[in-house]
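Me: I would like to go through some of the labels used for this model and see what each rests on. Here is the structure.

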Amino acid sequence: MDDRIADVWGRRTPYRGGGHWPVREDSHLADGVDPRRVQWVPSACVLCSNGCGCDIAVLDGRMVGVRGRVRDRVNHGRLGPKGLYGSWQAQSSPDRLTVPLLRQGGRLVETDWDTAMDRIAAVSRALLDDKGPLSHGFYTSGQLFLEEYYTLAVIGKAGLGTPHMDGNTRLCTATSAAALKESFGCDGQPGSYTDVDHADAIFLYGHNVAETQTVLWSRILDRIEGPDRPRIVCVDPRRTAVAQAADLHLPVRPGTNLALLNAIVHELIAADLIDHDYVRDHTSGFAQLRDTVASYGADNVAELCGVPADDIRRAAHLFGTTGRVLSTVLQGFYQSHQATAASCQVNNLHLLRGMLGRPGCGVLQMNGQPTAENTRECGADGDLPGFRNWADEEHIAQLAKLWNVDPLVIPHWSPPTHAMQIFRYAEQGSIRLLWISGTNPAVSLPDLARIRAVLGDEKLFVIVSDCFLTETAQLADVVLPAAMWGEKTGTFTNTDRSVHLSLKAVDPPGQARSDLDAFCEYARRMDLRDRDGAPLIGWSDPEGAFAAWRECSRGRPCDYTGLSYQRLRHGPVQWPCNDEHPDGQERLYGDGVFPTALGRCEEFGHDLLTGAAVTPEQYRALRIDGRARLRAADYVPGEHTTTEEHPLLLTTGRTAYHFHTRTKTARAPELNRAAPRPWVEVSAADARRLDLREGDTVRVESATGHVDLPVRVTDARPGTVFIPFHYGYWDTDSTEPRAANELTATAWDPVSKQPHFKLAAVRLTLLARGDQSAPPGGDAAIGV
């Protein structure tokens with residue numbers, strides 16, 4: 001097989017628009033393994049939001065490799081480097097957690113499950129008796145399975161009655177859900193990955209797909225190299241692989257995404273490149289949108305955004321005159337200033353042209369993790385299960401009937417608590433128990449010095465469920481060893497609503513258990529019951545949890561009632577899957593009817609500038625009646641601007657070789673060799689001005705902290721530097737700070753509550769001269 005470290009996207013298989021993406025089976029086995037001896041167990045990769053179908057190779061009770069599944073609609077047999085190397089090797093790492101740990105005398109010591117769960121239940125009961133349910137918080141991941149999220153949601157919402165529940169999906173794609181709800185009334189991607197096969201143009205907004213979803217980029221590359229390539233427009237301050245392949249690159253200044261999108265919308269309207277009939281019949285809010293963007297002509301915003309006016313007009317003309325356009329959006333928009341407002345403008349562009357629900361005409365407000373959609377569907381991110389509206393009393397009554405609990409138990413007196421507020425409440429002392437599952441906030445949250453202090457406060461009882469002793473687990477009071485991918489059965493849903501079944505391939509090591517087992521055991525020890533005295537959690541295995549979720553989804557936009565484990569054994573199916581759509585539904589909103597009606601919508605919307613929620617009465621007065629909403633907002637300057645002391649803007653992001661905080665990928669030797677250490681990317685212009693060379697060590701300082709890193713010189717836009725956020729401290733003996741989030745601040749979007757990871761003002765100071773060679777990892781390693 002090809003070296004997929006050097007050739008990230010693999011061999012090209014070009015194809016024509018409207019055709020079938022050719023299959024290509026990618027596989028990797030451990031050295032010396034005879035493929036004829038292995039057993040193949042169906043699954044799907046969990047190391048990006050693509051959700052590529054794969055089979056796990058098992059030999060003598062161990063995972064020994066993986067191969068892409070050629071019949072899978074998502075990947076047609078392909079896997080990226082993380083899937084090939086990182087998905088399975090961490091499972092047998094010698095530093096896996098195999099027994100529970102309990103803090104005694106200031107240090108973590110080994111114990112057994114009974115003792116650990118007894119301690120958790122005792123502290124939980126005491127806090128509930130003394131402080132009530134608001135003393136409890138849950139912070140989960142985009143790495144668990146649907147069955148685990150739903151079980152946790154029922155425990156928190158119907159058992160304890162706490163609104164303090166969110167996931168690390170708040171950090172990567174909360175804006176995806178927010179923008180979909182604001183525009184279309186409900187979460188759920190309108191488009192499909194197959195839109196790549198049909199699109200005449202693909203617009204990528206803040207989406208470095210070449211590194212974040214490498215298989216999806218392979219699909220786009222195969223169209224680019226086909227006989228009728230789609231035109232590519234890239235909005236990104238960095239000159240990434242996507243930007244280099246683009247027909248048009250808009251290197252927008254960080255923090256000005258909304259101004260740029262307002263200008264594109266303005267130029268589209270000014271040139272009368274809109275579908276007036278569609279706008280009249282299927283949308284509301286056009287007059288306000290038109291008036292809002294009236295002053296955002298390309299000439300007016302070019303200097304602000306750092307994008308030539310002619311390029312802005314060219315982008316608008318391309319969008320307005322191309323037959324079929326696919327748009328994708330990711331962290332470059334989601335983690336920046338006015339995130340929801342900017343992302344809504346992408347939706348607006350498609351609504352103005354009536355480009356939804358047809359092949360090649362779609363929006364993918366991308367996710368960052370493979371099960372992020374499930375946190376939102378199931379309510380583990382704070383929303384209500386089944387995309388129900390927390391401000392709709394009928395929706396609360398539906399859940400109360402389903403769970404057989406008093407409606408007043410279900411927290412709906414105010415919006416659910418988002419992750420940043422959960423940690424604020426923990427800091428202030430109102431949350432006294434925090435259960436963290438499958439995520440590492442001691443590296444991934446902004447302003448790490450503050451987060452370490454919160455987690456290390458002896459007044460906060462911290463429970464961590466994880467596979468490894470992460471930086472967060474080291475601060476816990478109880479650590480539960482968790483089963484990982486391939487060691488448990490469950491389902492998960494990718495960005496384009498494809499539901500996969502992942503089967504257990506091997507046993508977890510030692511005493512490690514699935515999160516589902518841990519949650520069910522907690523519910524049993526807490527004696528959580530419904531109003532008739534029956535156990536609240538009436539299931540104990542994944543298939544039972546799936547059946548319960550399936551009933552919860554009935555009649556909702558994310559309807560799973562046509563799905564079962566037996567059906568999913570034959571391959572993924574997109575929701576909704578029900579009597580109306582027995583084979584699933586590839587694209588949403590082809591009929592121009594949106595889930596915005598009262599009783600159907602997931603939210604009533606917000607003021608995009610302030611985040612103030614629209615009340616039910618205000619929403620009723622709008623008379624949306626199944627139409628989409630054209631949302632409008634003015635650009636306002638952000639707080640995180642450069643100063644004389646901190647003259648550069650830092651953005652953070654991912655590299656093709658690692659995922660999140662490297663708990664899995666760094667334990668794959670191929671991936672860790674490719675990018676073993678963090679670095680800082682500096683534009684060639686800034687490097688000349690600061691007399692910096694490739695490989696020099698610099699101190700990067702912000703108002704919250706500093707890191708010392710080697711320099712990579714790139715052709716990014718001047719004034720912007722970049723650091724990958726994956727790197728923490730578990731695999732280094734050095735005490736020097738190196739995590740990117742030492743530099744980021746505690747600030748978030750007013751609507752989605754997603755943190756601003758791409759807007760830290762910094763300065764660079766030379767510490768030591770290097771050897772003028774680029775540090776390994778990132779674009780330099782993948783030939784960009």
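Me: What makes glutamate 521 and arginine 525 a salt bridge?

Reply: The model is a predicted one. In it, the closest N and O atoms of glutamate 521 and arginine 525 are 2.5 Å apart. The cut-off is 4 Å between a side-chain nitrogen of Lys or Arg and a carboxyl oxygen of Asp or Glu, so the pair qualifies.

Me: How do you know that glutamate 521 and arginine 525 are separated by about one helical turn?

Reply: Both sit in helix H22, and they are four residues apart, which means about one turn of that helix.

Me: Why is glutamate 521 called buried, and why is arginine 525?

Reply: Buried means under 20% relative accessible area. Glutamate 521 has 15%, so the word applies. Arginine 525 is at 16% and therefore also counts as buried.

Me: What makes aspartate 496 and arginine 73 a salt bridge?

Reply: Their side chains meet at 2.8 Å, N to O, and the limit is 4 Å, so the pair qualifies. Arg73 and Asp496 are also part of a network of salt bridges with Asp195, Glu586 and Arg587. The structure holds 56 salt bridges.

Me: How many salt bridges does the rule find across the interface of domain 1 and domain 2, and what else is counted there?

Reply: The rule finds one. Between domain 1 and domain 2, eleven residue pairs are in polar contact. The side of domain 1 that touches domain 2 has 14 nonpolar, eight polar and three charged residues. About 1700 Å² is buried between the two domains, and carbon and sulfur atoms give 62% of that area. Val46, Ser49 and Gln91 supply 30% of the area that domain 1 buries against domain 2, more than any other three residues.

Me: Why does glutamate 602 count as buried?

Reply: Its relative accessibility is 2%, under the 20% cut-off, so glutamate 602 is buried. A polar atom of its side chain lies 2.9 Å from the backbone nitrogen of aspartate 187. Among the residues that glutamate 602 touches are Lys181, Asp383 and Arg388. Glutamate 602 lies in the loop between strand E20 (573-574) and helix H25 (616-622).

Me: Why is cysteine 378 called buried?

Reply: Cysteine 378 has a relative accessible area of 0%, and the label needs under 20%, so it applies. The residue lies in helix H17 (residues 372-378). Its contacts, leaving aside neighbours within four places in sequence, include Leu146, Tyr149 and Trp549.

Definitions and conventions
Residues are numbered from 1 along each chain as its sequence is written. This is a predicted model: local features need pLDDT of at least 70, side-chain atom pairs count only at pLDDT 80 or more; totals for chains, interfaces and linings use all residues. Side-chain values use heavy atoms; hydrogens and water are left out. Buried area is the accessible area (1.4 Å probe) that two parts lose on being put together, summed over both. A polar contact is a pair of N or O atoms within 3.5 Å; within protein, one must be able to donate a hydrogen and the other to accept it, and residues adjacent in sequence count only if both atoms are side-chain atoms. Ala, Val, Leu, Ile, Met, Phe, Trp, Tyr, Cys and Pro count as nonpolar, Asp, Glu, Lys and Arg as charged, and the others, Gly among them, as polar. Helices (H or I, at least four residues) and strands (E, at least two) are DSSP runs, numbered from the N terminus. Buried means under 20% relative accessible area, exposed over 50%, partly exposed in between (1.4 Å probe, protein chains only). Contact means heavy atoms within 4.5 Å.
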